[in-house]
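The sequence and structure are shown first, followed by the findings.

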Amino acid sequence: MTLQLNRYLGTGAFYKRAFSIALPVMAQLLIQNLVSLIDNFMVAGLGDIKMSGVNIAGQINFIFLIFSNSICIAGGIFMSQFMGAHDKNGMQQTLRFKFLTTGLSGILYALFCCIAPRGVFNLMVTINSDAAAILDQAQIYSKSVALSWVFMVLAQSIASSLREIEIVRPPLVISTIAALTNTFFNWILIYGNLGAPKLEVAGAGIATCIARAVELILFIIYMLVKKPVFSSSILMIFKINPQLFFNIFKKSMVILYSEVFWAFSETFSNALYNTRGGAEVVSGMAAGFAIANLFFICFSGIVTSTNVILGQELGANRIEESRKYKNWILSGSVIFGMIFMLIGILTIFLIPFVFKNLTPDAQRIAKDLVIITAVYLPLWALINAQYSISRTGGDTKMGAVCDTVGNILFIGGMTALTFLTTFSPYVMYAIVKLSDIPKSLIAYFWLKKERWLVNLAERNRQN
C-alpha cells in the first residue's frame, strides 16, 4: 500500500523544493494581480463605460501577452535543461532568443496600439448597446499604454530566465516595486492627485508605462551587478547559434498556436458574452475575471516548478527520476487546485468592497462568475501540470492537439448557446468550460506514451 501511495504522492522533500520555487512566483503574481485589482477599482470609480473601455483594450492585449508568454515558455524548456546539463553557452543562447523575438514583437505591438484601430475593438462589442462610448475609451487607453509593451517583454525575458534557474526572489522583489509604482501613479494620474492633471483612462495607461520602465531598469541593474550564469555582453546579442535558435523557434510556434488558439477562443467568447446586455455585462465579467486572477496564480506556480524540476532532471539525463516526478506533480497539482478552489469561493466577499461603484447587476454577474471559475480549479490545475510536463521534455504537440479539440468544442458550444438560448453569460461560461474534460483525457493518454522523456540539452549539443 505504501509503495503504491509513493508512486503517486511525492516525498516531503520533493514538495518542499516544488513549493520553494512555486511560492515566490505565486507571490509575485498575487502582488501583480492585487495591483491589477486596485487598478480595476480605480478605473471602476470612473463608471461602467470607462471600465468597459479598458477591459475591451485589455482583451486584445491579452492575445499579445499570450504570444510573448509562449516565446518565454519555449525558451524556458531549453533554459531549464541547459541548467541541468551545466551548459552556460546554451543558457546564454536561450536568453538571446527571448530578447530578440520578444523585443521585436513588443515594438510591433506598440505600433499597433498607437494606431489603435477602432475596427478591431469593435469586434468585441459589435451589438452592445453602449458600444460607441466604450470604443472611445478603449482607443484612449490603448494609445496611452502602448510603449509599456516594449519594456514589459524585455523584463519578462529576464524574469522568466531567472526563475528557470531557480533564482526566484529577485523577480518577486522587482515586480513588487513595479506594482507599487503602478498603483502610486494610477492614484496620481487617474484622479489628478498631487496637482497632476486628471487623465482618467489615459492616466491608467501612462502609469503602466512608468511602472514597466522602472521594472526593466531594475532587472538590467540586477543583471549588471549579479551577473547570473546566462548573462553576457549586450554586444553579443546577435551572436546566435542558428540551429539552436531555429529549434527553439519551432517549439515556440507550436506552443504559440496552442496558446493563441486558446486566447482567441476566450476573446471570441467574451465578444459573445457582451451581446447579453450593456456595460453592466462587460464590466461585471471583467470584475469577475479580475477577482479570479487572484487564485489563478496557482497555475503559474505549478508550471514554473514543473519546468524547473523536470527540466533539470531531463537535462542531467536522470530519466527514471523524471518519470517518478511526473506522477508526483500530477497528483500534487489536483490537491493544490482543490485548496485554491476553497480560497477562490471565499473571494466573492471582496466584490462588494472592491467594485462598490459598479451597478448591482454588474456585481451579481461578477460573483456568479467567480464561483464558477473556482469550481473548475482542480481540473485546470491538472491540465496545466499535464501541459507543462509534456512541454518540459520538448513535446509541444500534445498541447496543440488538446487545445484544438477543446477549443473547437468551446467555440461551437458558445456560438450555439448564444443564438439558441437566453442563458446569462456566466451560465454559458460554466457549460462550455466542460470542454476542458476531453482535453485532460487526451493529455492523460498522451503522457503515457512518454514522448516527453527527452534530453534536449544533449540532443542540441550533438547538433
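Ile431 is partly exposed, with a relative accessible area of 35%; here buried means under 20% relative accessible area, exposed over 50% and partly exposed in between (1.4 Å probe, protein chains only). Ile431 belongs to helix H18 (residues 425-432); helices are DSSP runs (H or I, at least four residues) numbered from the N terminus.

The model is predicted: local features need pLDDT of at least 70 and side-chain atom pairs count only at pLDDT 80 or more, while totals for chains, interfaces and linings use all residues. Residues are numbered from 1 along each chain as its sequence is written, and side-chain values use heavy atoms, with hydrogens and water left out.

**Surface patch**

Helix H19 (residues 436-447) supplies the largest share of the patch, four residues.

**Ser388**

Ser388 lies in helix H16 (residues 377-392) and is buried, at a relative accessible area of 4%. Its side chain makes a polar contact with the side chain of Asn307 at 2.8 Å (a pair of N or O atoms within 3.5 Å; within protein, one must be able to donate a hydrogen and the other to accept it, and residues adjacent in sequence count only if both atoms are side-chain atoms). The side chain of Ser388 also reaches the backbone oxygen of Val303 at 3.3 Å.

**Aromatic pairs**

The whole structure holds 22 aromatic pairs, defined by rings of Phe, Tyr and Trp (its six-membered ring) with centres within 6.5 Å; planes under 30 degrees apart count as stacked, over 60 as edge-to-face and the rest as tilted. Two of the pairs are tabulated below.

| Pair | Centre to centre | Angle between planes | Class |
|---|---|---|---|
| Phe97 and Phe245 | 5.0 Å | 70 degrees | edge-to-face |
| Tyr325 and Trp328 | 5.5 Å | 40 degrees | tilted |

Phe97 in helix H4 (residues 88-115) and Phe245 in helix H10 (residues 242-273) are 148 residues apart, and the pair links distant parts of the chain. Phe97 is buried at 0% relative accessibility. Tyr325 and Trp328 both lie in helix H13 (residues 319-346), three residues apart, about one turn of the helix. Tyr325 is buried at 14% relative accessibility, and Trp328 is buried at 6%.

Key. Helices (H or I, at least four residues) and strands (E, at least two) are DSSP runs, numbered from the N terminus.
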